[in-house]
Amino acid sequence: MATKQTIHILGLPISLGAGKRGMDTGPSALRIAGLRGRLEALGYHVHDEGDILITSQEIQNVENERMRYLPEIKRVSALLAERVDVVLTNGGFPLMLGGDHSMSIGSLAGIGAYCKREGKKLGVVWVDAHPDMNTSETSPSGNIHGMPLAVAMGHGMEDLTSIGGSFQKVHPENVVIIGARDIDQGEAALIKKLNVKTYTMYDVDKIGIYKMMQEVIEQMSKHVDHLHVSFDVDSVDPSIAPGVGTPVSGGLSYREAHFIMEALAETGMIASMDVAEVNPILDNRNKTAVFAAEIVSSCMGKRIL
Ligand SMILES: [Mn+2]
């Protein structure tokens, strides 16, 4: 077997972006689910860099109801961005464990900075029940975990869009959202304005997973040379993954989720990954973290045969 890339695990045990507890133990739950061993079994070297420490929610005040916990989220996102950039610059594969989906502000800032410096075109496959395209103006809750994809495309507060450098980290035409079924009004407007390719659950049902992934891969292969997968575990139906930040019924099936990962892995284009919103408080015997660890394995090339 050819020497495989080293996977660098970076944990961001954050739940400030959701404003509720639980996802801050997500990285531990994923490790307990045997993530490292699963990846080593695929032939990878794995370097677990541990977690970035986050100040407890209980000792912070919400200063801005439109952008809850902004100062701490901004601080740790900048730290994560720097570490992701270093891993990529040294030729490693960064695997980010969340934490709520605000984690992707930092990961995409770091990946975007690396790609800009190296002249690479970044593409993002966002697998999620939510498009995470709110801004401080449109968000009904002020929870920042509903904003990371907008931030990565340069929309939202300068505090966040400037992390990793003040530029658009990913161009909307190189973004695909899969599994969406809970979309706020402001998000729908921004999706239309930016023309972000969005496969809602209606589209998954209508097109079928195989043909849909052919389309996604065709779109990505045209322009992209660094493919990032951001997997929010709530994309999957809560019957499979009950332990998530924001469960929404009517999600992807077990096989649909794996097929998405297997099809992307086959392209050989995946260069970084986030796993977001594992919430052990709502879970049942760590079933959701085990599922998420299996999804990471599929994304990293595990095949049935
Ligand atoms: Mn999300």
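Q: Which residues of helix α7 are buried, and where do they lie around the helix?
A: In this predicted model, helix α7 covers residues 185-194, and its buried residues are Glu187, Leu190 and Ile191. Seen down the axis of α7, these buried residues fall within an arc of 105 degrees, so they line one face of the helix.

Q: Which exposed residues does the face of α7 turned away from its buried side carry?
A: The buried side of α7 packs, through its buried residues, against α5 (148-152) and β6 (197-200). The face turned away from that side carries the exposed residues Gln185, Lys192 and Lys193.

Q: Which hand does the β-α-β crossover from β5 through α7 to β6 have?
A: Strand β5 (residues 175-180) and β6 run parallel and are joined by four bridges, with Ile178 standing opposite Tyr199 in β6. The chain crosses from β5 through α7 to β6, and this β-α-β crossover is right-handed.

Q: Is Ile217 buried or exposed, or does Ile217 fall in between?
A: Ile217 sits in helix α9, which comprises residues 209-223. A residue counts as buried if 20 or more other C-beta atoms lie within 10 Å of its own, and as exposed if 12 or fewer do. Ile217 has 18 other C-beta atoms within 10 Å, and therefore Ile217 is partly exposed.

Q: Which residues does Ile217 touch, not counting residues up to four places away in sequence?
A: Ile217 and Val176 are 41 residues apart in sequence, and their C-alpha atoms are 10.0 Å apart in space. With residues up to four places away in sequence not counted, the residues that Ile217 touches are Ala263 and Thr267.

Methods:
Residues are numbered from 1 along each chain as its sequence is written. This is a predicted model: local features need pLDDT of at least 70, side-chain atom pairs count only at pLDDT 80 or more; totals for chains, interfaces and linings use all residues. Helices (H or I, at least four residues) and strands (E, at least two) are DSSP runs, numbered from the N terminus. The arc is that of the directions from the helix axis to the C-beta atoms. Two residues are in contact if their C-beta atoms, placed from the backbone, lie within 7 Å. Two strands pair if DSSP finds at least two bridges between them. A crossover is right-handed if, with the strands pointing away from the viewer, the path from the first strand over the helix to the second runs clockwise.
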